[in-house]
Amino acid sequence: MPFARLATATTPTCHIGLGLAAVGRPGYINLGRDEDLGENRSVETLHTRTHELLDAAYAQGVRYFDAARSYGRSEEFLADWLKKRTDVDDIVIGSKWGYTYTADWTTDADKHEVKDHSLAAYERQLAESEALLGDRLDLYQIHSVTPESPALTDKELHARLAEAARGGLTVGFSTSGPAQADAIRAALAVEVDGEPLFRTVQSTYNALETSAGPALAEAHDAGLTVIVKEGMANGRLAAGNAPEALRTVAEETGQGPDAVALAVVLRQPWAGVVLSGAATTPHLVSNLHAPAVDLTEAHMARLSTLAESPHTYWAQRGELPWH
């Protein structure tokens, strides 16, 4: 598996990855986006911003980079960076299929992305991803699997995914919604010719949404690499919005609320890679202080009081506007 490359990395930040959802398109649901990006969100501007973040992340030890077909031009921006940085050969590149970007580089589209987990969508989007990333694509994930997703039961799709895996592509899935744990356990049961199909899982887990934790531990024990997304809860755990308990612990540890929020995730023994979704270099640098946060058991107990029910968390996430 390509994630074996990360096992040889020795930097404190090797377990932090950079997700490109916030910079691959002009609109997203993260809080504070107007301040982070301003009004100029042209393709050229975000292309430059993405390369600055990739350069900064790589220089500070980040070795996993995460894109998706629905993240606007994230794959294109990443591919251009890889062509420019021919010296970079020790990283892992992941992307996702299952959503199509439909906002046409606007922030006020009626629909920003359309979900489709069919075999036809997989074949079309894999061709698009490979056209951009070529053999640099290490991991291809089904985007936002839920318990009712046809991707969990489509045997023909499973066969094609297994074929790609035999060709060297690592096959994974991501989850979203209040029933993440059910989706994870259903995916763990998917086999082709008696062998588990999926080798990675990417799920939302943070101080506010912890419901997937036990299922992610099961996935880890089954040999999957666990990637954690939305560790900052789409900005709800960032400095300007952090709840009081998080701000207090941040003050006591001498780090920012964002670093503490990511440190909570890094403390989980099953967490293989924790994504930063930073849209600015200063925010990325602050995020990368997470491994240095010294959280005591008392800190963790205090922060555990922030957890919401998954239905409450996902209902609030669903109300976040696209900025």
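**Figure 1. At a relative accessibility of 9%, serine 144 counts as buried.** Buried means under 20% relative accessible area, exposed means over 50% and partly exposed lies in between, computed with a 1.4 Å probe on protein chains only. The model is predicted, so local features need pLDDT of at least 70 and side-chain atom pairs count only at pLDDT 80 or more, while totals for chains, interfaces and linings use all residues. Residues are numbered from 1 along each chain as its sequence is written, and side-chain values use heavy atoms, with hydrogens and water left out. Serine 144 sits in strand β6 and has a positive phi of about 60° although it is not a glycine. Helices (H or I, at least four residues) and strands (E, at least two) are DSSP runs numbered from the N terminus.

**Figure 2. Asparagine 234 lies in the loop between β11 (225–229) and α9 (244–253).** Asparagine 234 is not a glycine, yet its phi is positive, about 55°. With a relative accessible area of 4%, asparagine 234 is buried.

**Figure 3. Eight strands form a closed barrel with parallel pairing.** The strand order is β1-β2-β3-β6-β7-β10-β11-β12. Neighbouring strands of this sheet are turned by 25° against each other on average, direction ignored. Two strands pair if DSSP finds at least two bridges between them. Strand β7 (residues 170–175) is joined to strand β10 (residues 200–204) by three bridges in the parallel sense, and phenylalanine 173 has valine 201 in β10 as its bridge partner. Between β10 and β11, which run parallel, there are five bridges; here serine 203 has valine 228 in β11 as its bridge partner.

**Figure 4. Strand β11 is mostly covered, with five of its five residues buried.** Thr225, Ile227 and Lys229 point one way from β11, and Val226 and Val228 point the other way.

**Figure 5. Helix α7 (residues 180–188) lies across β6 (139–145), β7 and β10.** The helix runs at about 160° to β7. Axes are lines fitted to C-alpha atoms, for helices over the stretch in contact, and angles run from 0 to 180 degrees between N-to-C directions.

**Figure 6. Helix α5 (residues 119–133) packs with helix α6 (residues 155–166).** Their axes are 9 Å apart at an angle of about 25°, and the two helices are therefore roughly parallel to each other. Angles under 35 degrees count as roughly parallel, over 145 as roughly antiparallel, 65 to 115 as roughly perpendicular and the rest as oblique. Leu119, Tyr122 and Glu123 in α5 meet Glu156, Leu157, Arg160, Leu161 and Ala164 in α6, contact meaning heavy atoms within 4.5 Å.

**Figure 7. The largest nonpolar core has 100 residues.** A nonpolar core is a set of buried Ala, Val, Leu, Ile, Met, Phe, Trp, Tyr and Cys residues joined through side-chain atoms within 4.5 Å. Phe65, Leu78 and Phe198 have the most contacts inside this core. Phenylalanine 198 touches Ile142, Leu161, Val171, Gly172, Phe173, Ala187, Val190 and Leu224, not counting residues up to four places away in sequence. A second, separate core of eight residues includes Tyr64, Val92, Val273 and Leu275.

**Figure 8. Helix α10 is largely enclosed by the rest of the structure, because nine of its 10 residues are buried.** The buried residues are Pro257, Asp258, Ala259, Val260, Ala261, Leu262, Ala263, Val264 and Val265. They pack against β11, α9, β12 (273–276), α11 (281–287) and α12 (297–304).
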